[in-house]
Amino acid sequence: MATITTTVLSTVTATAAKSTATTAPPQGGILEGVLPNLYSTSNPINLFIIQAGIIIILCRLLHYPLSRLGQPRVIAEVIGGILLGPSVLSRIPHFKENILPTDSLPVLNNVANLGLILFLFLIGLEVDLRLFISNWRVAAGVSLGGLILPFGLGYAIAWGIYNQFKEEITNNVNFGIFGLFVGTALGITAFPVLCRILSELNLLSNPVGVTVLAAGVGNDVVGWILLALSVALVNNANGLTALYVLLVTIGWLLFLVFAVRPVFHWALRKTGSIQNGPTQGMIAVTLLLVLTSAWFTSIIGVHAIFGAFLVGLICPHDGGFAIKVTEKIEDLITVLFIPLYFAFSGLSTNLGLLNDGITWAYVIAIIVVAFSGKIIGGTMAARLNGLVWRESFTIGVLMSCKGLVELIVLNVGLQAHILSQKTFTMFVVMALVTTVATTPLTKLLYPPWYRVKLEKWKRGEIDWDGNPLIAVDSDKAGSSEALPNSNIRRLLIYLRLDSLPSLFTFISLLGEENGSKPSGASTDDDTNQRPLIKKRPLEVHALRIVELTERTSTVMKVTEGEDASRRDPVVNAVRTFSQLNDVAVSGSVVVAPEESYAETVTMHASEQKSDFVLIPWSEIGSTTEDQSISYRVSSEDRFTGKSHLDFIRNTLSKAVCNTGIFISNGFSGIAPIEKSRTGFSRTVSIASMRSHKEAALPVADKSHHIFLPYIGGADDRVALSFVLQLAKNPNVTATIAHFTWIDGEDEITAVRESTLVEDPSSLKAAISTEITAQDTSFLAAARSSLSSDLNDRIDFIEASVSISSASGRIIELASESVGQNPRNAGDIIVVGRRHPALPTSTRNLEQAGTLYEMQKTVGVLGEKVAVSGLRASVLVIQAADKGLDS
């Protein structure tokens, strides 16, 4: 009996143990008590998501303050990686075991290296060899000068580093390979970061920027070749094997260029991927090429990133193919993959290893060599190519930028055991210092004021001390106090796609000032005379600004190929229209961050010596442009966009010449979107509605009527001169209403417009907008100087109002003058921006902030007219500071 009992118990125990051993893992996750950060080889995604989330959030938090200091995103990513590593956060007890356990690192490493391969493909796409070829002489000189000297100095300092820290190198690397790698690391330039810095500093079209970009292309290609050679040598102890590896690598390069490239380009053209953008199938083919090339270079003993870089080089740049491919994959790479790579790299960066004086001495020496080699080599090469010393010095500083390319090179050296963890950390510190210092040093050496002075000196306008060599035009010498005859001859227009009709109409009105006579005028001998040629036509400079985002593709759009202004369709449309209207025209495309739009506009106005800047108000209330089908925006949303209000306000505060803000409302005969939709009955189907759309017929009545409320002040005087110039066009009639204050009725309880001034230094400008006796004499001189033809088309009226009722009376008179002919080409209300005496007003709490911001931007009168609902466009004019006393 005991034996039977023992047998049964043993069987039950064994069965229970077996059942326990084969029990499935808990399926309820945290509901069954499983830790969310528990690493499992069969399901590593849970911990990976936590790791990726921490890394991305940390890098983004660091990037925000650093971007305010002008630092590229790579600095935040590198610092974030260092913080996660043994230098900071991994020192916290149990942090590394719970967040970055050793068993999970292979998964993180694989994802990071996949992202690195794709990123090197993007770098290859960004390198446009045509830029190097078109500037080969100066590019080759600066590239070699910026590579040979730092390579030599790096090879020299490598001797001391190798002998000092030789015992820490685990792969028994000989000094030749170590010196080759250190020389390459100090000689390379970070091309992607360099493009970003040049874009943010507005140097892409500058001789300095063009030289640095072209030299950076050559430097980048040579640097990657030297890196591939270093890895090949260290991975093959036998010199003959290393030679074979090098020959096979060259053979693979030739195979890609002469065998794969023609077939690849043929397939892209066959599928329309160059003309219309890459198809999904060709994107798949491109990525397969990248992975195949990376796999091949890896199995022959060269790092996989070199193969990906080569595929990027053979991709075509025609039709913007490289840009379109970049746009499709860059966000995933830069947001997810690259931060993961640098976080993984940060785990190998231990600042605690820099724990003695000799180590820090070598760190400082490496930084000095990195700076001096690049700066001296690049400066001397640029100077020999004819650039001035300060330009050459700036080129040398820019070429010293290391950035993320340097860190990729260092990680390759660490993985190949060329560098130990200590020497790797030493070079990471050097990369951070050189990258952080590039932007401040460039701003110090090559500020905007110096660029303007240098351009004038090169054009022969000033001597080296800044003294003018060209006499001031005699037609600008006279004052506008006596007669308002200072016509606009140089007009700068800020181009927006949604405002082209209005801008075209303005150009035609100003350009046809001396055009054909009215239909009723005498035409004796016209048939025997040649067309009248103007002595000095209107000069229009069209400025289009492309927003510089964090994406690489925005920089590539400007750096690729020829001057972007020659290829931009919006600029070309303005150029064609202006030439057809006998107007001299030039255009430029500038890539700039949104916060620099105002500075860009004022800088170009100064460079072009513009008399007037015309800025259209966005149809959608935003500085960004959506080139797809326009969508409806309410009038309230149109005037409340903060970024657009800031842009307009900053432009006016920095204005160097007379400036106009044009708020279109059916100008040029095109009705606004919000008011152009007609209702249709229920019996009309979508198909029939589309089929019965009428073609837009030419505007039969091309007339415009302008209403100007003339109160006084510098802005109103400039506005009067502008209206008189427009009125010289035979299709323009005008009503000028002169308002005077009623004595004793100027006491008001509302806040005056002068309180909207935030900057005390601008109070002087506000005072100059007060009404003076000069305004009356200016208006009288204008009336007396009119020709008989103009006198017939301009009506002058007088009105006396109190300050509190002025705005209402102006809108009342405007409603009687404009919008009376709904079939004409559009009417305009022209107002001065600043009238310190006018009271501000708010309607309710919800609108208080909106009205306040709008009034600060276009003035009290401008805001009231813009939102009044009148059937007319509004032009708000501000006089330049230099013209306030005129």
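**Figure 1. Helix H8 in the predicted model, residues 175-187.** H8 has 13 residues. From the first C-alpha to the last, the helix reaches 18 Å, close to the 18 Å expected at 1.5 Å a residue. At the start of H8, Asn174 places a side-chain oxygen within 3.1 Å of the backbone nitrogen of Gly176.

**Figure 2. Aromatic pairs, with Trp159 and Phe175 as one example.** The count for the model comes to 20 aromatic pairs. The pair of Trp159 and Phe175 is edge-to-face, with 5.0 Å from centre to centre and 90° between the planes. Trp159 lies in helix H7 and Phe175 in helix H8, so this pair ties together parts that are 16 residues apart in sequence. Phe175 counts as buried because its relative accessibility is 17%, and buried means under 20%. Ring pairs link Trp159 and Phe175 into a cluster with Phe151, Tyr155, Tyr162 and Phe178.

**Figure 3. The ring pair of Tyr597 and Phe647.** The ring centres of Tyr597 and Phe647 are 6.0 Å apart and their planes stand at 90°, so the pair is edge-to-face. Tyr597 belongs to helix H25 (residues 597-607) and Phe647 to helix H27 (residues 642-653), so the pair ties together parts that are 50 residues apart in sequence. Both Tyr597 and Phe647 are buried.

**Figure 4. Arg390 over the ring of Tyr450.** Arg390 lies over the face of Tyr450. The distance from Arg390 to the ring centre is 4.4 Å.

**Figure 5. Strand E4 (residues 612-616) and the strands paired with it.** Five of the five residues of E4 are buried, so the strand is largely enclosed by the rest of the structure. Both faces of E4 are covered. Phe612, Leu614 and Pro616 are on one side, and Val613 and Ile615 are on the other. Strand E1 (residues 490-494) pairs with E4 in the parallel sense over three bridges. Ile493 has Leu614 in E4 as its bridge partner. Strand E5 (residues 658-663) also runs parallel to E4, and five bridges join E5 and E4. Phe612 stands opposite Asn658 in E5.

**Figure 6. Arg834 and the polar atoms around its side chain.** Arg834 lies in the loop between strand E9 (828-832) and helix H35 (845-866). The relative accessibility of Arg834 is 13%, so the residue counts as buried. The side chain of Arg834 makes a polar contact of 2.7 Å with the side chain of Asp715. A polar atom of the Arg834 side chain also lies 3.3 Å from the backbone oxygen of Ala879.

Terms used
Residues numbered from 1 in each chain as written. Predicted model: local features only at pLDDT ≥ 70, side-chain atom pairs only at ≥ 80, totals over all residues. Heavy atoms only, no water. Helix = DSSP H or I, 4+ residues; strand = E, 2+ residues; numbered from the N terminus. Buried < 20%, exposed > 50% of the residue type's maximum accessible area, 1.4 Å probe, protein only. Polar contact = N/O pair within 3.5 Å; in protein donor to acceptor, adjacent residues only side chain to side chain. Expected span 1.5 Å × (residues − 1). Phe/Tyr/Trp six-rings, centres within 6.5 Å; stacked < 30°, edge-to-face > 60°. Lys NZ or Arg CZ within 6 Å of the ring centre and 35° of its normal. Pairing = 2+ DSSP bridges.
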